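Here is a short briefing for a reader new to this structure. It covers charged side-chain pairs, then the chain as a whole.

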Amino acid sequence: MHSRKKSTFAAVVVLMLLTVIWIAGCGDKQAELPPTPNENGANVSGENQGTPENGSNAEGSDQTGTDDGDQAEAPNDAGEEEPTSDGATGQEPGQDGAGDVSGNTGNDAGPDQAAAADPQSVAVLINKQLALPEDYEPKDLVYPDVRFTFKEKIEKRMMRKEAAAALEELFAGAEKDGIYLAGVSAYRSHKTQTALFNRYVAKDGEELAKTYSAVPGHSEHETGLAIDVSGSDGKCAAESCFGDTKEAAWLADHAVDYGFIIRYPEGKESITGYKYEPWHLRYVGKEISTDIGEHDITLEEYYEAVPVSGQP
């Protein structure tokens, strides 16, 4: 009887040991199986780990994401050179490899920097550092239908077509307010600017001449987008006394409404590099002129390109 109980007990023990061994073996096989993909289908095979949920590229390209998921800035499509610390590349717009200028003044989209360096653009930035190509000549010059201080249809009566149309609107708007303007000098060819500057140098010396006249290639008049104006009587034309006239006051208040700016305003000499010229209008288009007027800045400040230092 006792022998039979012992045999039964031994059989039960053996059976339990076999069960434990079988369970352990199944567990090892389960551990060898590869993990299944998660429910959202993300790749967990060891490649492209950490792919953002928005599906952005994380394959090791230059589009490496920042901590907040934004991509790092990539070079611009045009391959233009990046501006130097003063906001300009030191190269001239219109030349091979010419760089752009950077920055903005609160304009959500920012200034069109390609336009600033394009001599064909009405927004081109021309100053003592940035020049037009030596052979540049506007292709769309016309005679604006406005009053001038002379009768001849000569070079300095011409402007680019868009600027000329805007000038006609400006003159008409001024007349509605009882202000009668006259053009004094608009477009100048490179040849004309060279002769004019050389004459000023011979008269006053180069250093003084540069405070009121541009080196050839650096004159806004060569763009066909600038014009000097006066009252219809021609008094104080291109002279400091024009700043005290009602015509100058009207232009200071309303030129921006027509896409023009006073290019060399008072108190900005160290930025523009030129003396105050209340008679010198520059067409830049209504969007830019409005922004410049609202912020009381120069074209250099609009582009945050202010390489000029010291008084002219």
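A salt bridge here is a side-chain nitrogen of Lys or Arg within 4 Å of a carboxyl oxygen of Asp or Glu. The structure holds 9 of them. This is a predicted model: local features need pLDDT of at least 70, side-chain atom pairs count only at pLDDT 80 or more, and totals for chains, interfaces and linings use all residues. Residues are numbered from 1 along each chain as its sequence is written, and side-chain values use heavy atoms, with hydrogens and water left out.

**Glu175 and Arg147**

- Glu175 and Arg147 form a salt bridge through their side chains, at 3.2 Å from N to O.
- The pair links distant parts of the chain, 28 residues apart. Glu175 sits in helix α3 (residues 161–176), while Arg147 is in the loop between β1 (141–142) and β2 (159–160).
- Helices (H or I, at least four residues) and strands (E, at least two) are DSSP runs, numbered from the N terminus.
- Glu175 is partly exposed, at 34% relative accessible area. Arg147 is partly exposed as well, at 31%.
- Buried means under 20% relative accessible area, exposed means over 50%, and partly exposed lies in between (1.4 Å probe, protein chains only).

**Glu206 and Lys210**

- A salt bridge joins Glu206 to Lys210, with the closest N and O atoms 3.0 Å apart.
- Glu206 is partly exposed, with 44% relative accessibility. Lys210 is also partly exposed, at 31%.

**Lys268 and Glu301**

- Lys268 meets Glu301 in a salt bridge of 3.2 Å, N to O.
- Lys268 lies in the loop between β5 (260–264) and α7 (269–272), and Glu301 lies in helix α9 (residues 299–302), so the pair ties together parts that are 33 residues apart in sequence.
- Both Lys268 and Glu301 are buried.

- Glu220, Arg263, Arg282 and Glu300 belong to one network, joined by salt bridges that share partners.

**The whole chain**

- The protein chain has 9 helices and 6 strands.
- Of its 312 residues, 39% are buried.
- Among contacts with a separation of 6 or more, 65% are between residues 24 or more positions apart. A contact means heavy atoms within 4.5 Å.
- The protein chain exposes about 18,200 Å², and carbon and sulfur atoms supply 50% of that area. Accessible areas come from the Shrake-Rupley method with a 1.4 Å probe; for residues, only the protein chains shown count as cover.
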